[in-house]
Amino acid sequence: MQIFYASRDGQSRKIATHIAGRLAARGLSATPTDLGSAPPTAADLARAPLVVAVMSIRYGKHLPEGLRFIETFRALENPPPLVLASVNLTARKPGKDTAEGNVYLRKLIARNALSPVLATAFAGRLDYPRYGLFDKTMIRFIMLVTGGPTDPASVVEYTQWDRVDAFAGQIAEVLEAKTAATVKG
Ligand SMILES: Cc1cc2nc3c(=O)[nH]c(=O)nc-3n(C[C@H](O)[C@H](O)[C@H](O)COP(=O)(O)O)c2cc1C
């Protein structure tokens, strides 16, 4: 199984790698793959038992390689089960970390008429020292409006790793149920 990620600053990659590690601990092998450098073909996706995509948000949109992945996926005639995780800072707020409560994830699912078996939003990482002047200014403004830190020296990892662990557990259950069904025939 493959876990795809779309990441600019590394947090979605870190989350995808963490999920792969949890699955490996249960004997389920999964390779984290960067959608930016190795986008799957429709044929790759069609033969996967399950497809996981972890994709981050910039300025209100999922990264372009994430959206291209969705385009490829939605063109499949018999798509495998889809698992989606959106990574953004809005999800640091209670209630905004679900498929219904996270505006980016809700829109992604609705616009593309997707029916993921699992979907969630994880809070990402805020790292002002890493950002260029324009991005830093924009994010500081967004944080000012939404009650987050505005000190340009702030670095905060909001990701709740226990939630990532629980999500990995749910993915494992879906995969194991699928494998059991296949074995039974
Ligand atoms: C330039 C920029 C724009 C961002 N825009 C948004 C946004 O519109 N909404 C949001 O909730 N988070 C936004 N974020 C926060 C990112 O989604 C968050 O930092 C995430 O961890 C980035 O994931 P990545 O490291 O995998 O790229 C933005 C971050 C940056 C650097």
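**A ligand shell and a helix face**

Tutor: Start at the ligand. With three residues, β3 gives the most to the shell around it. Keep in mind that this is a predicted model.

Student: Which other elements supply at least two residues of the shell?

Tutor: Besides β3 (51–58), they are α1 (11–25), β5 (82–88) and α5 (133–146).

Student: What makes a residue part of that shell?

Tutor: Its C-beta atom, placed from the backbone, must lie within 6 Å of the molecule. There are 20 residues around the ligand. Ser-7, Asp-9, Ser-12, Ser-56 and Gly-124 come nearest.

Student: How do the residues of the shell divide into nonpolar, polar and charged?

Tutor: Six are nonpolar, nine polar and five charged. Gly counts as polar here.

Student: Why is the ligand said to lie between domain 1 and domain 2?

Tutor: Look at who gives residues. Domain 1 covers 2–124 + 160–184, and domain 2 covers 125–158. Both give residues to the shell, so the ligand lies between them.

Student: Now helix α4. Which of its residues are called buried?

Tutor: The helix runs over residues 103–111, and its buried residues are Tyr-104, Leu-105, Leu-108 and Ile-109. The test for "buried" is 20 or more other C-beta atoms within 10 Å of a residue's own. These four residues pass it.

Student: How do you know that the buried residues line one face of α4?

Tutor: Look down the helix axis. The buried residues fall within an arc of 125 degrees, so they line one face.

Student: Which exposed residues does the face turned away carry?

Tutor: Ala-110 and Arg-111. To be exposed, a residue has 12 or fewer C-beta atoms within 10 Å.

Student: What do the buried residues of α4 pack against?

Tutor: Strands β3, β4 (61–62), β5 and β6 (118–123).

Student: Now the protein chain. Why does its radius of gyration agree with a compact globule?

Tutor: Compare two values. For 185 residues, a compact globule would have a radius near 16 Å. The protein chain has 17 Å, which agrees. Along its principal axes, the C-alpha trace spans about 60 × 30 × 30 Å.

Student: How many helices and strands does the chain have?

Tutor: Six helices and eight strands. Buried residues make up 34% of the 185 residues.

Terms used:
Residues numbered from 1 in each chain as written. Predicted model: local features only at pLDDT ≥ 70, side-chain atom pairs only at ≥ 80, totals over all residues. Domains from an automatic or database assignment. Arc of directions from axis to C-beta. Contact = placed C-beta atoms within 7 Å. Rg over C-alpha atoms; globule rule 2.2 N^0.38 Å.
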